[in-house]
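Hi,

Here is the structure I promised to pass on. My notes follow below it; please have a look when you get a moment.

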Amino acid sequence: MDQDIILETQGLGKEFRGFAAVSDVNLKVARGSIHALIGPNGAGKTTVFNLLTKFLPPTHGRVIYQGEDITALQPAEVALKGLIRSFQISAVFPNMSALDNVRVALLRVAGGSHRFWTSNRQLDAYTDRAMTLLADVGLTDFAQVLAGELAYGRKRALEIATTLALEPKLMLLDEPTQGMGIEDVDRVTALIRRVAEGRTILMVEHNLKVVATLADKITVLARGQVLSEGNYATVSQDPRVMEAYMGVSADEATELEGAHHG
Ligand SMILES: Nc1ncnc2c1ncn2[C@@H]1O[C@H](COP(=O)(O)OP(=O)(O)OP(=O)(O)O)[C@@H](O)[C@H]1O
């Protein structure tokens, strides 16, 4: 059966001065799915993301998005096609309210550019849509709060709202729960599930409980290569995966077990 594949990599590889950070990675991300990329530290996850968003040119291979070879495109061109990476903390302006952050994102999508003289009237046109997006991420009550004053988990929710303003078809989430306490982790997990409706999500995530809860499919990378792939039950019982995690840290291997049974 041929699944609808939104993103595919063919023989993707990246070398840094002869060191293969990523080699021969063949990814297939099904449209409408939540797909997780996991692996021990240094496995190549961030490099793969950088290759997909075109922040890095690959040494080998191709990236196919919605049937189109995007290997040679620029980051902005890829983003315009709806392949959008979130969680670049700098994307949020700390001295602007949550509402203004989203309104400015919407203004940009509409082709406008935000300058300090942008009139309020210009931004007003986006208030309703911005409030809808804030509601989507559970920030209605925080619309007027300065982004810099939001608690960490809410700041990340705001980043999701500004990303949603760009109308992503495929959202790349970079360690969405990194550095969060349990309460925020649960909130962001629920949020990801909600925003995954009608979209595709590819995420790098270290918290294996989050991966076990959310991911339809998991690709495990180790030393730049795909080590194992499948649903959580499959990869967590794969001895090669256990070994790869053990090799790095026993804690992470225990976490792998715990997330599966817990
Ligand atoms: N710009 C670079 N120049 C040289 N080596 C690099 C560069 N970027 C990454 N690497 C190396 O490539 C390998 C993969 O790194 P990468 O950051 O992609 O791993 P990762 O899976 O994201 O790790 P982590 O979970 O620790 O973030 C590492 O050995 C890293 O040192």
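Strand β4 (residues 34-38) and strand β9 (residues 200-204) run parallel, joined by four bridges. Strands here are DSSP E runs of at least two residues, helices are H or I runs of at least four, both numbered from the N terminus, and two strands pair if DSSP finds at least two bridges between them. β4 is also joined by four bridges to strand β10 (residues 217-222), again in parallel. Leucine 37 sits opposite valine 204 in β9, and its bridge partner in β10 is threonine 219.

This is a predicted model, in which local features need pLDDT of at least 70 and side-chain atom pairs count only at 80 or more, while totals for chains, interfaces and linings use all residues. Residues are numbered from 1 along each chain as its sequence is written.

Five of the five residues of β4 are buried, so the strand is largely enclosed by the rest of the structure. (Buried means 20 or more other C-beta atoms within 10 Å of the residue's own, with C-beta atoms placed from the backbone.) Ile34, Ala36 and Ile38 point one way from β4, and His35 and Leu37 the other way.

On confidence (pLDDT, the predictor's per-residue score from 0 to 100), the protein's mean is 88. Helix α11 (residues 250-261) is lowest, at a mean of 59. Where pLDDT is low, the predicted coordinates should not be read in detail.

Best wishes

Notes. A residue is buried if 20 or more other C-beta atoms lie within 10 Å of its own, exposed if 12 or fewer, and partly exposed in between; C-beta atoms are placed from the backbone.
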